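I opened a new page for this chain.

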Amino acid sequence: GYIVANEWMEYTVNVTAAGNYNIEARVATTTTGKSFRLELDGSSIGNFTLPNTGDWQTWQTVALNNVALTAGQKVLRLFATSTDFNVDKITFTRATATNQAPVVS
């Protein structure tokens with residue numbers, strides 16, 4: 001809480017396997033138009049736009065899907081592009097490939 005625009009937090013993370021990942025953030029804010037971006041080793045991997053959840057402790061999950069990540073130790077940065085929101089946690093899960101119906105000709 002009490003985040004202001006241009007603040008950031010950094011974490012050292014280990015991406016154990018290259019591939020596409022779904023990233024979920026559990027967030028809360030009392031107004032619309034709030035946002036932050038995630039960076040990995042200084043490059044943006046996605047922007048989150050936050051909904052008005054109605055209270056500072058009323059949580060909602062927002063997601064970015066199929067984000068390509070390379071393997072190895074990385075620096076993850078959460079960069080606030082607006083003010084006044086809470087982030088409870090960020091979760092990375094390996095995206096699963098969807099089966100496509102075969103094409104017959």
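I began with contacts, where contact means heavy atoms within 4.5 Å. I looked at contacts in the chain with a separation of 6 or more, and residues 24 or more positions apart account for 78% of them.

Before going on I noted the ground rules. This is a predicted model, in which local features need pLDDT of at least 70 and side-chain atom pairs count only at pLDDT 80 or more, while totals for chains, interfaces and linings use all residues. Residues are numbered from 1 along each chain as its sequence is written, and side-chain values use heavy atoms, with hydrogens and water left out.

**Entry: the whole chain**

I looked up the secondary structure and found zero helices and seven strands. Here helices (H or I, at least four residues) and strands (E, at least two) are DSSP runs, numbered from the N terminus. The pattern along the sequence reads β-β-β-β-β-β-β. I noted the span of the C-alpha trace along its principal axes as about 55 × 30 × 20 Å. Of the 105 residues, 31% are buried. Buried means under 20% relative accessible area, exposed over 50%, and partly exposed in between (1.4 Å probe, protein chains only).

**Entry: the strands**

Which strands form the open sheet? I found three, in the order E5-E2-E7, with antiparallel pairing. Two strands pair if DSSP finds at least two bridges between them. Strand E5 (60–69) and strand E7 (86–94) are the edge strands, and each pairs on one side only. On average, neighbouring strands of this sheet are turned by 20° against each other, direction ignored.

I then checked strand E2 (residues 19–28), which is joined to E5 by eight bridges. Tyr21 has Val67 in E5 as its bridge partner.

Next came E3 and E4. They pair in the antiparallel sense over seven bridges. Their hairpin has two residues between the strands, and Asp41 takes a positive phi near 50° there. Phe36 stands opposite Phe48 in E4. I followed that pair further.

**Entry: the core**

I looked for the largest nonpolar core and found 20 residues in it. Such a core is a set of buried Ala, Val, Leu, Ile, Met, Phe, Trp, Tyr and Cys residues joined through side-chain atoms within 4.5 Å. Phe36, Leu38, Ile45, Phe48, Leu50 and Leu69 touch the most other members. The elements giving two or more residues to this core are E2, strand E3 (34–40), strand E4 (43–50), E5 and strand E6 (72–80).

What does Phe48 contact, leaving aside its neighbours within four places in sequence? I listed its partners, among them Ile23, Ala25, Leu38, Val62 and Leu64.

**Entry: the rings**

How many aromatic pairs does a search of the whole structure find? I got two. Rings of Phe, Tyr and Trp (its six-membered ring) pair if their centres lie within 6.5 Å; planes under 30 degrees apart count as stacked, over 60 as edge-to-face and the rest as tilted.

Why is the pair of Phe36 and Phe48 stacked? The planes stand at 20°, with the centres 4.8 Å apart, so the pair counts as stacked. Phe36 is buried at 0% relative accessibility, and Phe48 is buried at 2%.

Phe36 also pairs with Phe85, again stacked, at 5.8 Å centre to centre and 20° between the planes. Phe85 lies in the loop between E6 and E7, so this pair ties together parts that are 49 residues apart in sequence. Phe85 is buried at 0% relative accessibility.

Technical notes: Axes fitted to C-alpha atoms, helices over the stretch in contact; angles between N-to-C directions.
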